[in-house]
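The following questions and answers examine selected features of one protein model.

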Amino acid sequence: MAFCIKCGALIPDGGKLCVNCQQRQAGPFGPGPQAQAGPAPGAGGQAVYRLTVARKDQYFLINPTMKVFIDGVERLHVDNGVTLWVDLPAGMHVFSVKSGFRKMEMPIHLSQNLMLVLSWNRVTGEIEVEIFY
């Protein structure tokens, strides 16, 4: 199974169109390591897993890019409705997101491919994260 590049919905292997948002899945964002049964070997034989970061498609008057930091290093810029990923070695990592003056931080343990879906809470204005294994 893979994830839609726009909305993050599950797409069957080989799927070319998301049934949730009708987004075409052609290109390098089609089925990837999410469909693999085990970890990909990294340098030195260490397991490497894919951390997929998706941002919900939400509409606000001001909608700044969310900057994703992993272990204190800026790794991704996630815009509204975009899905990106990064391959990381297995183990503990510190995942943080900054956008404007808002920030959230949480520890993650990678022992399998993982998807984090970012969104704004419309009531509190805080950044929220949903975790999918």
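Q: In which sense do β4 and strand β7 (residues 83-89) pair?
A: The model is predicted, so local features need pLDDT of at least 70, side-chain atom pairs count only at pLDDT 80 or more, and totals for chains, interfaces and linings use all residues. Residues are numbered from 1 along each chain as its sequence is written, and side-chain values use heavy atoms, without hydrogens and water. Strands are DSSP runs (E, at least two residues) numbered from the N terminus, and two of them pair if DSSP finds at least two bridges between them. Over 7 bridges, the sense of pairing between β4 and β7 is antiparallel.

Q: Which residue is the bridge partner of Leu51 in β10?
A: β4 also pairs with strand β10 (residues 114-120), in the parallel sense over 5 bridges. Leu51 stands opposite Val86 in β7. In β10, its bridge partner is Leu114.

Q: How many of the 9 residues of strand β4 are buried?
A: Buried means under 20% relative accessible area, exposed over 50%, and partly exposed in between (1.4 Å probe, protein chains only). Strand β4 (residues 47-55) is largely enclosed by the rest of the structure, because the number of its residues that are buried is 7 of the 9.

Q: What is the relative accessibility of Asp71?
A: Asp71 lies in the loop between β5 (66-70) and β6 (73-78). Although Asp71 is not a glycine, it has a positive phi of about 55°. Asp71 counts as partly exposed because its relative accessibility is 41%.

Methods:
Helix = DSSP H or I, 4+ residues; strand = E, 2+ residues; numbered from the N terminus.
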